[in-house]
Amino acid sequence: MADIIACFKWVIDEAYLKSDSSGKLDFNWVDYKLSDYDKNAIEEAVRLAEQKGGKVTAVTVGTPEDTKGVKDALARGASEAVFINDSSFVNLEPSQTAALLADVIGRLKFDLIICGEGSSDLYAQQVGPRLAERLEIPCISYVTRISLEDDFIKAERKMENGIEVVIAPLPALITVSPQINTPRIPGLKDTLAASKKPVTEVTADELTVSNEPLLKTVSINKAAMQRNCSYFNNDEDGIVQLVNALQKQGAIT
Amino acid sequence: MGGIWVFAENQENTLELLNKGQEIARDLHEKLVAFATSRTMAENYIAYGADQIYLLPPLTEKEAWGDYLYAIADEAVKLLPAVILIAGTMRGREMAARLAQKLNTGLCSGCINLSVNQSGQLEMQRLIYGGAAVQTVVCTGTPQMAAIPPRTFEPAPYQEGHPGQIGELFLTPQSSVKIQELKPVVSAEGNLAEARVVICAGRGIEKEEDMEMIRRLAQATDGQIGCTRPISEELHWLPEDLCIGLSGQQVKPDLYVGVGVSGQIQHTTGIRESKVVLAINRDENAPVFEVADFGVIGDLYEVIPKLTDELEKRK
């Protein structure tokens, strides 16, 4: 038996992020999604619970609008959800999210916490390690394979200089890389089942943690990446001209 | 104050941080402090601009690099550094986040640029929304911390006769994470991050056999092969470590060639430092053309063989 917590975040889908002619970001048309690597986190938690028995609790911090995300997480196989929910929980920086999660998760019983390696929107990769520090449990990040035993976890992490195989006693926290699994795509049946699963809402007045940001955002601007594309024809002559241009630019020798 | 601290897993990344660290140390009138795991390394860092070195004992095979966290955190509590810069290798990113938590301060991770503003604060830039936007942050806690990806800055210049002191730190292992094994990964494909020419395979390639065409183009340009996420993650035609993008490899070649690459923002963020970007795609509306210098709109199965032949002719 294993009680597993999977943390997730409901984020802006960057594929729908547009900018106006002045280069300002336009958030009017955005859609939301479950953060990509959190799908891997939930998937891994659900697979472990299927193998070992036990339950998966999906936990998130967000605003009342993020209810869709809670449903999505449940449709992906989590047994229940904890929704730390307040209209002020918007644009949180990682230390704040970790503090809120730690406050609530610290009251739960668990063997393993799984987070995605980073979120699709900020990709700060801090919440997992910060949460582990707050809870004073071992942290293993960028995990690509795990085996869960009764009182310890063995994990592989793909580092720059090789695959590091580590063991740590439970309870522990891991952050997972996308290579760990391919998340299932929830079907209609899963979505229907999700609406019957228990959701515990935790509101701001039930929290004991002070929540001042330690990182302040000064500005957010569109990343200037635009280049002026010169086109070449898809024929012998066009290719010759293209290679000439590449040589002239010093792109090839 | 307790100085500007730089810490990295290896010598190369330490020298890069020393370069930026010197600039910040000068602006904030602080000394520059680095961490080393051998005396030779310590003396080397001094010659590249460090004023003070803390010598950390080498780790045993079972000890995780993250164990240095405790020694550094204890020292930071005592000495109150103004700034800590950590090289954002994977281990470094985890270390930085845990250290920031222990010191109850903010951390700019994935920091691609930083400078001291008029009020003496570090303004730090990072990419968000898959690279679509740049977020500028300041840290309201102390120390101000940043995790900086490898190769963001050039290595520090050598300074003949630069003076510095060496002190020793002791390790009190407190981590319960133990290393069982480090399996080396042999990448047959060479070093993508350092490659001068990168040929990137995208989802426009229809069959695994067609990767041969990409290999031929790579040979003709003396380039390295990389790919977009679907090629490695869904199709497994190439290993994961050849995947280019914000969460994969960041490349800085003289020439990047996107073959059948559509140009999702997650991917193009990994190629933004390329000198010349060439895109080949049959969809004229593919977003990759917005970030390309040169483009050919056409079937890659026609364009690539012609391009390869022309390049081979001129070799």
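**Ground rules**

I number residues from 1 along each chain as its sequence is written, and I letter chains from A and number ligands from 1 in the order in which they are written. Since the model is predicted, local features need pLDDT of at least 70 and side-chain atom pairs count only at pLDDT 80 or more, while totals for chains, interfaces and linings use all residues.

**Entry 1: the sheet that crosses the chains**

I looked up the strand order first. Helices (H or I, at least four residues) and strands (E, at least two) are DSSP runs, numbered from the N terminus. Two strands pair if DSSP finds at least two bridges between them. I found an open sheet of 10 strands, with mixed pairing. I read its order as β13(A)-β7(A)-β6(A)-β1(A)-β8(A)-β12(A)-β9(A)-β10(A)-β11(A)-β11(B).

Why is one side of β13 of chain A and of β11 of chain B left without a neighbour in the sheet? Both stand at the edges with a single partner strand each, so one side of each has no neighbour there. β13 of chain A covers 199-203. Axes here are lines fitted to C-alpha atoms, for helices over the stretch in contact, and angles run from 0 to 180 degrees between N-to-C directions.

**Entry 2: helices on the sheet**

Helix α1(A), residues 36-52, lies across β1 (4-7), β6 (56-62), β8 (112-116), β9 and β12 (172-176) of chain A. Its direction runs at about 150° to β8(A). Helix α4(A) also packs on the sheet and touches β8, β9 and β12 of chain A. I noted about 85° between the directions of α4(A) and β9(A).

**Entry 3: β11(A) and its two partners**

I then followed β11(A), residues 162-169. On one pairing, eight bridges join it to β10(A), residues 152-159, and the two run antiparallel. A hairpin links β10(A) to β11(A) through two residues. Glu156(A) stands opposite Val165(A). Ile153(A) has Ala168(A) as its bridge partner.

Which strand of chain B pairs with β11(A)? It is β11(B), residues 178-183, joined by five bridges and running antiparallel. Val165(A) has Glu181(B) as its bridge partner there, and Val166(A) has Ile179(B). I kept Val165(A) in my notes as a residue with Glu156(A) opposite it and Glu181(B) as a bridge partner.

**Entry 4: the contact between the chains**

I counted residues at the contact: 66 from chain A and 73 from chain B. Residues are in contact if their C-beta atoms, placed from the backbone, lie within 7 Å. On the chain A side, α4 (127-135), β9 (139-148), β11, β14 (215-222), β15 (230-232) and α6 (236-248) each supply at least two residues. That side divides into 37 nonpolar, 17 polar and 12 charged residues. Ala, Val, Leu, Ile, Met, Phe, Trp, Tyr, Cys and Pro count as nonpolar, Asp, Glu, Lys and Arg as charged, and the others, Gly among them, as polar.

I looked for cis peptide bonds. The bond from Leu170(A) to Pro171(A) is cis, with omega near -5°. Pro171(A) sits in the loop between β11 and β12 of chain A. The bond from Thr142(B) to Pro143(B) is cis too, with omega near -5°. Pro143(B) is in the loop between β8 (133-139) and β9 (144-148) of chain B.

I also looked for positive phi outside glycine. His29(B) has phi of about 55° and lies in the loop between α1 (11-28) and β2 (32-36) of chain B. Is His29(B) buried or exposed? It counts as exposed, because it has 9 C-beta neighbours inside 10 Å. My cut-offs are buried at 20 or more other C-beta atoms within 10 Å, exposed at 12 or fewer, and partly exposed in between, with C-beta atoms placed from the backbone. Leu80(B) has phi of about 50° and lies in the loop between α3 (68-79) and β4 (83-87) of chain B. Leu80(B) is partly exposed, with 13 other C-beta atoms within 10 Å.

**Entry 5: Gly2(B)**

I found Gly2(B) in the segment before β1 (4-7) of chain B. Leaving aside neighbours within four places in sequence, Gly2(B) contacts Leu79(B), Leu80(B), Pro81(B) and Ala82(B). Gly2(B) counts as partly exposed, with 19 C-beta neighbours inside 10 Å.

How values were computed. Contact = placed C-beta atoms within 7 Å.
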